[in-house]
Amino acid sequence: MTATTSTTTSTSGDIHDPASAAYKKARRKYLKSTRNRPEHVDADWTPFRAAEKKYKARFPPPDLSDVLDLAAADPTRAEEVARGKWKGRADAVPCTEVPLREGDGRRAYTFPGTPGLVLLPSFIRRDDQRRLVRWALSEQARYPNETNLDTHYVLPKEGLWNQYLKVRRGECEDVDILPRAVVETKADPEARQTPGEAPGPRKLVSNEPASPDNYMELASTPKPPAPPSQTLRPVPTSALVPRLRWANIGWYYHWGTKQYDFSRGPGEISSLVRGICKGVVESIPWERVFGESQQSGGMDWGEGGPDWMEWKETYEPDAGIVNFYQTKDTLMAHVDRSELSATSPLVSISLGCAAIFLIGGLTRDDPPTPILLRSGDVVVMSGPACRRAYHGVPRILEGTLPPHLDGADEAEDVDWEVYEEYLRGTRINVNVRQVFPKGFDPTAGLAQVKTGS
């Protein structure tokens, strides 16, 4: 079995055409869902919540004229923009163009309203986008790296995606993946059944901001494994693939406490991802990002003061996550508080379908800036204001897979049609950060935690 590839716009784009079946269906669902809605339901929404609701809406399709879309002014991306029928404006949000250090013509953009936010449009080269997609699905979303599915299912050691590829090649049957609770009960029938939480949207958990001062407390906080759901049924490999939502990178993140589980030690960082992220940070002229702000003394970098001058040498990505968004998925407004290094760059890479990214301020009462991110774009969040800003992804834009991810580029691009089929309804986000500040040694504290001293 092979995927059907096409270079035409997918039918999901018909939502923009009032005469299409997709538009009429969305309208019927909208009228049904809003029939009994209170008249002033939005009166208590914060500006950030209002923006989330606006772009999340399925009907009518949201107007993106106030969304920054730098690809709209890039002639090399004209086909990509036209294909998806979703288009913002290159002048929708005030930003400043900054040439990168590499001198190859690529540009970065900074935002006066959010110091430390840097957007690098189309930074990831097209061949590297394909390499990252393969890495995310075939290499990272597998043992020993945790995924959202591992708590609830006993996944194949080779990885769910790699088994799925075998199914598509006809090398094996589309076998059922067993729920973990079923396997554990068979192994120990008297094991106590504890109710678990089925895979789904992650719940927001309030956590104390991490810092070197509270590292020992965070490291010693119990981080028990989440119980598997007791109600799940076996699922065919092919049906479980769309339920993949994230895969851990580097230091293990404990979702129940929203803290890193330092007792498990550091996980590995792919040389491909590490090299790209370091290349991003090294290419940005940070004096153009923070120099003027520092002279005005308007930012709080903590006791150690600003360290952006040293990032070219000190930045070392050691943790992160690969997010796998389906077109109906969202990421609610949140703040990253788990890294001890609270100002170093967080590098976020977009692959596959486009998305609306919102970034606001220190509270949800600050109106967010909307940015349309396309495949190959990179966002860097850095510095005290940006790293503590609320941000989220309210919408994955259907039908926006760029032409350069269509079909196999080379003869050795084996199985790409399966990847392409998956990407047509998916956005992959590789999100990498640095947990520890320069000179901090986590091993000494870990030794004390393990010995109980």
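## Basis of the model

Residues are numbered from 1 along each chain as its sequence is written, and side-chain values use heavy atoms, with hydrogens and water left out. Because the model is predicted, local features need pLDDT of at least 70 and side-chain atom pairs count only at pLDDT 80 or more, while totals for chains, interfaces and linings use all residues.

## The second largest pocket

The second largest pocket holds about 950 Å³ of space. A pocket here is an open set of points on a 1 Å grid over the protein atoms alone, where a 1.4 Å probe fits, with protein on both sides within 12 Å along at least five of seven lines; the volume is the space filled by probe spheres set on the points, which are joined across faces, edges and corners.

The lining consists of 28 residues, of which K56, A57, R58, F59 and R395 lie nearest the centre of the pocket; a lining residue has an atom within 4 Å of a point. The elements that give two or more residues to this lining are α1 (21–33) and α2 (47–56), and α1 provides the largest share, six residues. Helices are DSSP runs of H or I with at least four residues and strands are runs of E with at least two, numbered from the N terminus. By residue class, the lining divides into 11 nonpolar, five polar and 12 charged residues, where Ala, Val, Leu, Ile, Met, Phe, Trp, Tyr, Cys and Pro count as nonpolar, Asp, Glu, Lys and Arg as charged, and the others, Gly among them, as polar.

## Salt bridges

The structure holds 25 salt bridges, each defined by a side-chain nitrogen of Lys or Arg within 4 Å of a carboxyl oxygen of Asp or Glu. In one of them, E80 pairs with R77, the closest N and O atoms being 3.2 Å apart, and both E80 and R77 are buried (buried means under 20% relative accessible area, exposed over 50%, partly exposed in between, with a 1.4 Å probe and protein chains only).

D127 forms a salt bridge with R131 at 3.4 Å between the closest N and O atoms. These two residues are four apart in helix α4 (residues 126–140), so about one helical turn separates D127 and R131.

D415 and R169 are joined with their closest N and O atoms 2.6 Å apart. This pair links distant parts of the chain, 246 residues apart, with D415 in the loop between β15 (391–397) and α13 (416–423) and R169 in helix α5 (residues 160–169). D415 counts as buried at 12% relative accessibility, whereas R169 is partly exposed at 40%.
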